[in-house]
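Trainee: I have a model open and want to go through it with you. Can we start with the fold and then look at single residues?

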Amino acid sequence: ILKNQLVNLFGKIECERSNMAKAVCQFINERRTVMRSIEVIYYLHDSNSLESSVGMDGYNQLVQQLHGHLDSEGRVGALEDVSDIHSITASIICALQKTKALLVFEIQAVKLHLMEFLSSVLSDTITKVLVVSPSKIDF
């Protein structure tokens with residue numbers, strides 16, 4: 001992850017993927033004073049139970065989680081319209097342009113909207129992305 005902007009951690013057993021991703025984040029977090037390419041880590045989890053209980057699709061859920069983290073740090077403003085996903089993603093991209101971040105997406109499936117969002121993040125920012133998934137992503 002230190003040499004590449006996008007890394008995909010994949011495997012069949014979910015708890016092993018999660019544990020490995022958390023270990024990577026812990027390793028980086030403990031060495032942030034010497035690893036200057038990452039200042040903050042945002043760990044985003046696609047929760048299927050939340051998806052079904054509030055009717056959000058996984059992409060909207062992840063984007064709103066990320067916006068919530070950025071908002072709590074004062075990097076973006078509060079949402080006026082939580083349903084306007086395009087303005088939310090634009091706000092996130094703008095905030096990430098000024099941030100040396102690692103985004104960790106722990107997901108069950110990679111959908112088109114998430115791939116488009118990741119494409120924007122990777123092309124418009126210096127943000128690093130770790131995608132934790134059951135299978136290899138085709139990016």
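Trainee: In what order do the elements of the protein run from the N terminus on?

Mentor: Keep in mind that this is a predicted model. The order is β-α-β-α-α-α-β-α-β, made up of five helices and four strands.

Trainee: What radius of gyration does the protein have, against that of a compact globule?

Mentor: The protein has 14 Å, which agrees with the value near 14 Å for a compact globule of 139 residues. Along the principal axes, the C-alpha atoms fill a box of roughly 40 × 35 × 25 Å.

Trainee: And how much of the protein counts as buried?

Mentor: Of the 139 residues, 37% count as buried. As for contacts with a separation of 6 or more, 69% come from residues 24 or more positions apart.

Trainee: On to helix 1. Which of its residues are buried?

Mentor: Arg17, Ser18, Ala21, Cys25 and Ile28. Down the axis of helix 1 these fall within an arc of 95 degrees, so they line one face.

Trainee: Why would residues three or four places apart point the same way?

Mentor: Because an α-helix has 3.6 residues a turn.

Trainee: What do the buried residues of helix 1 pack against?

Mentor: Strand 1, strand 2 (40-45), strand 3 and strand 4. Glu16, Asn19 and Glu30 are exposed on the other side of helix 1.

Trainee: How far does helix 1 reach?

Mentor: Helix 1 covers residues 14-30, and its 17 residues reach 24 Å from first C-alpha to last, close to the 24 Å expected.

Trainee: Now helix 5. Which of its residues are buried?

Mentor: Leu114, Met115, Phe117, Leu118, Val121 and Leu122. Their arc, seen down the axis of helix 5, is 160 degrees, so these residues also line one face of the helix.

Trainee: What covers them?

Mentor: The cover includes strand 1 (6-10), helix 3, helix 4 (85-96), strand 3 (101-106) and strand 4 (128-133). Leu112 and Ser123, on the other side of helix 5, are exposed.

Trainee: You mentioned helix 3. Which residues are buried there?

Mentor: Gly58, Tyr59, Gln61, Leu62, Val63, Leu66, His67 and Leu70 are buried in helix 3. The helix has 15 residues and reaches 21 Å, close to the 21 Å expected. Just after helix 3, Gly74 takes a positive phi of about 75 degrees.

Trainee: Which residues is His67 in contact with, leaving aside neighbours within four places in sequence?

Mentor: Val76, Gly77, Ala78, Leu79, Ile88, Ser91 and Ile92. With Gly77 there is also a polar approach: a polar atom of the His67 side chain lies 3.4 Å from the backbone oxygen of Gly77.

Trainee: What does Gln5 touch, not counting residues up to four places away in sequence?

Mentor: Val121, Leu122, Thr125, Ile126, Thr127, Lys128 and Val129. The Gln5 side chain reaches the backbone oxygen of Leu122 at 3.2 Å. A polar atom of that side chain also lies 3.0 Å from the backbone oxygen of Thr125.

Trainee: Last one, Asp46. Is it buried or exposed?

Mentor: Asp46 counts as buried, at 8% relative accessibility. Asp46 is found in the loop between strand 2 and helix 2 (48-54).

Trainee: How far apart are the C-alpha atoms of Asp46 and Ser87?

Mentor: They are separated by 21 Å, and the two residues are 41 residues apart along the chain.

How values were computed
Residues are numbered from 1 along each chain as its sequence is written. This is a predicted model: local features need pLDDT of at least 70, side-chain atom pairs count only at pLDDT 80 or more; totals for chains, interfaces and linings use all residues. Side-chain values use heavy atoms; hydrogens and water are left out. A polar contact is a pair of N or O atoms within 3.5 Å; within protein, one must be able to donate a hydrogen and the other to accept it, and residues adjacent in sequence count only if both atoms are side-chain atoms. Contact means heavy atoms within 4.5 Å. Buried means under 20% relative accessible area, exposed over 50%, partly exposed in between (1.4 Å probe, protein chains only). Helices (H or I, at least four residues) and strands (E, at least two) are DSSP runs, numbered from the N terminus. The arc is that of the directions from the helix axis to the C-beta atoms. The radius of gyration is taken over C-alpha atoms; the globule rule is 2.2 Å times the number of residues to the power 0.38. The expected span of a helix is 1.5 Å times one less than its number of residues.
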